[in-house]
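Let me put the model up, and then we'll walk through it.

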Amino acid sequence: MIVCPILSGSSGNATYVESGSSRVLVDAGGTGIAIETNLRQIGVDPRSLTSLLVTHAHDDHIRGLGVLSRRYGLPIYASEGVWKQIETGKLGRISTRFIKRFRSFNGGVVDLGDLRATYFSTPHDSYDSVGYVLDDGSAKFGIATDIGHVTPNMRERLSGCDVVLLEANYDYEMLVNGSYPYPLKQRILGPEGHLDNRDAGKFAVELVRNGVRHLFLGHLSENNNSQELAYRAVRDALLEAGVDLDKDCDVYMTRRYEPSRKLVL
Ligand SMILES: [Zn+2]
Ligand SMILES: [Zn+2]
């Protein structure tokens, strides 16, 4: 399996996952051109993509979805609630044969050929949002971004993953003392907002205890976080819990406009 977040941050999110003949993007939150450029940078021809998966209908996850689906003839998998929002949105016409809906209630599985995607509900202020675990039979990759808190169901679903893209959205002090208007601060801080660096650190410890060997830290806020703060918070939590960062788990930072490390498992 190959995993590479090619865009990650509040301005756009997309993660490339490949196994066998399946080449999937989870979210397409950049412009079509940005996503194509970043795919080429990691040696992937966008024409070889086979499907698109969507976590939720916030703009930073769906901006390039319509363009990519039309240009490369790609099916789009999303929950019923997410489709309701996409269809009334600004993505342009999407051919009905590319519309693949699923019911998020109780979770389920989407068959993508050489990859299987298990979906599960996430606590986020976007209707019917989901996370995914992609499994090719030998490795598992889980996505845990855009989550206000960690639910028991998410814990269970992400347990046993080899790789997780974990949100470390904001530094608490920076957000609280920063310039965002009060209602926006409350939204981000709330149980359906985003995960901060400290909570990411706590969850990282649990994930590593349950088998995760590679962690990408992603979806960093441009205004309320820095690469150093996010990395340090998670590293310190792992070290404090006795995790050996040379042996037990690698921690990689994602990038806002460029592909992150390409992980081959
Ligand atoms: Zn987002
Ligand atoms: Zn979101």
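Quick definition before we start: two strands pair if DSSP finds at least two bridges between them, and strands here are DSSP E runs of at least two residues, helices H or I runs of at least four, numbered from the N terminus. Keep in mind that this is a predicted model, where local features need pLDDT of at least 70, side-chain atom pairs count only at pLDDT 80 or more, and totals for chains, interfaces and linings use all residues. Residues are numbered from 1 along each chain as written, chains are lettered from A and ligands numbered from 1 in written order, and side-chain values use heavy atoms, without hydrogens or water.

So, strands. β5 (residues 76-79) and β6 (residues 99-102) run parallel, joined by 4 bridges, and I76 has I99 in β6 as its bridge partner. Getting from β5 to β6, the chain goes through helix α4 (residues 80-87), a right-handed β-α-β crossover; that is, with the strands pointing away from you, the path over the helix runs clockwise from the first strand to the second.

Now the metal. Which residues coordinate the zinc ion (ligand 1)? They're D60, H61, D146 and H219, at 2.1 to 2.2 Å. Donors means N, O and S atoms within 2.8 Å of the metal (3.2 Å for Na, K and Ca), and with water not among the atoms, sites may look incomplete. D146 also coordinates the zinc ion (ligand 2), 3.3 Å from the zinc ion (ligand 1). H61 sits in helix α2 (residues 59-62) and H219 in the loop between β12 (214-218) and α9 (227-240), so the pair ties together parts 158 residues apart in sequence. Both H61 and H219 are buried, meaning under 20% relative accessible area (1.4 Å probe, protein chains only).

Note on methods:
Buried < 20%, exposed > 50% of the residue type's maximum accessible area, 1.4 Å probe, protein only.
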